[in-house]
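Subject: Structure handover

Hello,

The structure is below, and my notes follow it. Please read them alongside the coordinates.

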Amino acid sequence: MDIFLFIDIYFAVTFTLLGIVIGSFLNVVIYRTPAGRKFSTGRSMCMTCGHELAAKDLVPLFSWLFLRGKCRYCKAPIASRYAKIESFTGAVFLLSAITHLECSWFLTDYTNTLLLLFFFDYLLFVIACAAAIAAMMIHYDTRKSFFRVTGFVIVPAILSKVIWCFMSMRDKTVMDLLRDLLFLLIYIAGTVLVCFLLSKLFGKEYTRNDLYLDMTFVPLLTFTLFTGVIYTWLTVSVYAVVYGVARAILKGRNGDRYTGIASFLFVVILIIIRYFITR
Ligand SMILES: [Zn+2]
């Protein structure tokens, strides 16, 4: 087998498995954050019989599949929701690995500073993805958004922008940097404007919590498609229209779910198109 292909596959598989593990952690975050409980302490137990769960019951996704969705001790069915969030996070990580295949080179040459920066940027990206999933689910469950979670999306996105500015500084003139900065400012202003217009468009049904949620998706998208400002603008504009229409058609709690799925599919399609364009 071609060694380069092997490294890419290894990278994709590793990050998919990591995604499933992170998804398991997100289940705890989604469940405990609204209740105001710490998600680092306390043991997991069966919701029905209260039996403390052993390590073999806690292998993300695989325990659920192996036990066929039932508690090992009392045989009560375990909600498929946990396994769904774990597989969804795994799928997001797989997609992120496919779109960041250049980062796989870090595995063979970890002394290269440029590859290190690529890889660090990629890690920030997956943190933002995980936080967006948690924010989306908490919002879906409670109709409340939590800045603690959404902050994890916005902060990595800004850090990533700083890294890219820093990386490209050497080949750029002062004028180029100023132009980039101007584009970035206009972009941020545009993002806030789109969210504000959405809030006006949906009036009473659009709460401040919805606004927070919408604002987490935009930096995430920027992050996914950091190939160029124009391309990002185009993407965000199309995305805002798709999202707005989906929101208008599907109102209420179920609407949140389908809007999330529609947005996710939109990103998937873009990733596939980008993959074939850049190949
Ligand atoms: Zn049980």
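C74 is partly exposed, at 30% relative accessibility, and C49 falls in that class with a relative accessible area of 37%. Here buried means under 20% relative accessible area, exposed over 50%, and partly exposed in between (1.4 Å probe, protein chains only).

This is a predicted model, in which local features need pLDDT of at least 70 and side-chain atom pairs count only at pLDDT 80 or more, while totals for chains, interfaces and linings use all residues. Residues are numbered from 1 along each chain as its sequence is written, and side-chain values use heavy atoms, with hydrogens and water left out.

The zinc ion has as protein donors the SG atoms of C46, C49, C71 and C74, lying 2.3 Å from it. Donors are N, O and S atoms within 2.8 Å of the metal (3.2 Å for Na, K and Ca); water is not among the atoms, so sites may look incomplete. The spacing of the donor residues in sequence is C-x2-C-x21-C-x2-C. C49, in the loop between α1 (3–32) and α2 (62–66), and C74, in the loop between α2 and α3, are 25 residues apart and link distant parts of the chain. Helices are DSSP runs (H or I, at least four residues), numbered from the N terminus.

There are zero disulfides in the structure, a disulfide being a pair of cysteine sulfur atoms within 2.5 Å.

T89 sits in helix α3 (residues 81–99) and is buried, at 0% relative accessible area. Beyond its neighbours within four places in sequence, T89 is in contact (heavy atoms within 4.5 Å) with G19, G23, L26 and I133.

Regards

Definitions and conventions
Helices (H or I, at least four residues) and strands (E, at least two) are DSSP runs, numbered from the N terminus.
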